[in-house]
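Dear colleague,

I am handing over the structure below, together with an account of what was found in it. Please look at the sequence and the model first, and then read on.

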Amino acid sequence: METAQTHTVMSVTQTPALSWAAAAETEHGDPAPSPRALSPPRPSPPPAGGRRFSRLRQQEGEAPPGPARPPRRWAERSGAMAGSGAVPALLAAAWALLAAAFLAVLVLLRRAPAWLTGGGGVSGLFQDLIRYGKTKGGCGQRPAWLRLVQVPKRWFTHFYVVSVLWNGFLLIWLFRAEFLGGSLPSWIQHMHHALGRDSQSEDMDSEHFSALLVLLLLWLHSCRRLAECLWTSVFSNGVIHIVQYCFGLAYYIAVGSTVLCQVPTVRNGKEFSAQICWYHVIGVTMYIWASLHQHRCLVILANLRKSKSGKVVSLNHSVPFGDWFERVSCPHYFAELLIYVSMAVTLGLHNVTWWCVVMYVLFNQALAAVLCHEFYQKKFSSYPKHRKAFIPFVF
């Protein structure tokens, strides 16, 4: 199964902040004033028309004389920014926790105790939750109640339908907000303010463009995968667990929302300039390269079940050859990892939240690749022994 990250900058007027800072500096940093300085000044007679002049000044927006105090709204916003500082860390931690869970499952599978190798009870449920499609046969005879909570593997198509619709929706609204001066729906703004990041970077335009570009790449990736599911891939009668199905739907909603939250702030109505940097070029180039190889590998898998005329003649599994299949058993999973790494490069290589997403994709795809590799080795006695499961020459 293919796979399935920040603060918001709040604008504050400079004058009240500087006056408050100046007042605080005078209170704590300056030497103690002399007693003469502490005596109240003599009141001077008001000039002619003083009351009228004071009213005019108030109408023009000038603050009346007196000690500078921080505006209440500014103070509330400052506290909100300080309080939301841990939220983006929680977003990254959620992805890191998910990655750690799949890593634990991978390690447990490689060093499985005897009670996890059976086919019933806790073992059967564990095996049923980590396997899908052709690898379901590796967990032995499953209980009847587990077969009641499974759906066809061809429902993978639903993942990309949801991704195209949801991420396309986010992409349109983000494009309107950045280039056309539009505004995001209020519920998206609330989500962005809750999960977005408060960036103090000087290169704000580049970060805005990076997030917009990554969201575009993610949407294009979903469009391609949807087209491949509809017109390229040939699905067998394999099944997936209903929990896996629901998790896949939630994943593609979460990953698009994570990209949106990488925008430092949504600037409605302000000028936006797209600044193309070197990492944008490298990231997009890597994305195209990995996508092409993934498509080729999926075509190779589909052709194993088709005749030369393109007609489906079999649903059986065969040993694939060609392209990256010469090095690994699951090159399409490896290409998926490279696609997410290319998005991390496009974001400038420093986005911790997205690297946590990459770690999740790494362990998720590694688990699926190990199960597929074991399937090929057990089913085909002449399976090439030099092939790795996931990463060429490594794993």
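I begin towards the end of the chain, where Phe393 counts as exposed at 63% relative accessibility (buried means under 20% relative accessible area, exposed over 50%, and partly exposed in between, with a 1.4 Å probe and protein chains only). Phe393 lies in the segment after α14, and its phi is near 65°, a positive value in a residue other than glycine.

Before going further, please note that this is a predicted model, in which local features need pLDDT of at least 70 and side-chain atom pairs count only at pLDDT 80 or more, while totals for chains, interfaces and linings use all residues. Residues are numbered from 1 along each chain as its sequence is written, and side-chain values use heavy atoms, with hydrogens and water left out.

Asp323 also has a positive phi in a residue other than glycine, near 50°, and this residue is found in the loop between α12 (278–303) and α13. At 28% relative accessibility, Asp323 counts as partly exposed.

Next come the helices, which, like strands, are DSSP runs numbered from the N terminus (H or I with at least four residues for helices, E with at least two for strands). The axes of helix α13 (residues 331–346) and helix α14 (residues 352–379) come within 9 Å and cross at roughly 175°, where axes are lines fitted to C-alpha atoms, for helices over the stretch in contact, and angles run from 0 to 180 degrees between N-to-C directions. Where they meet, α13 contributes residues including Tyr333, Tyr340 and Met343, and α14 contributes residues including Trp354, Val358 and Cys372; contact here means heavy atoms within 4.5 Å.

Ser342, also in helix α13, is buried, with a relative accessible area of 0%. Leaving out residues up to four places away in sequence, Ser342 touches Gly283, Met286 and Tyr287.

The largest nonpolar core has 75 residues, and among those with the most contacts inside it are Trp95, Tyr251, Tyr333 and Trp354; such a core is a set of buried Ala, Val, Leu, Ile, Met, Phe, Trp, Tyr and Cys residues joined through side-chain atoms within 4.5 Å. To this core α14 gives the most, with 14 residues. Apart from it lies another core, of five residues, among them Val319, Phe375, Phe380 and Tyr383.

Leu109 has its place in helix α5 (residues 87–110) and is buried, with a relative accessible area of 12%. When neighbours within four places in sequence are set aside, Leu109 is in contact with Gln127, Ile130, Arg131, Leu367, Val370 and Leu371. The C-alpha atoms of Leu109 and Phe126, which are 17 residues apart along the chain, are separated by 10.0 Å.

Finally, how many disulfides does the structure hold? It holds zero, a disulfide being a pair of cysteine sulfur atoms within 2.5 Å. Cys330 is in no disulfide, and the nearest cysteine sulfur, that of Cys372, is 4.1 Å away. Cys330 counts as buried at 1% relative accessibility, whereas Cys223 is partly exposed, with a relative accessible area of 25%.

With best wishes
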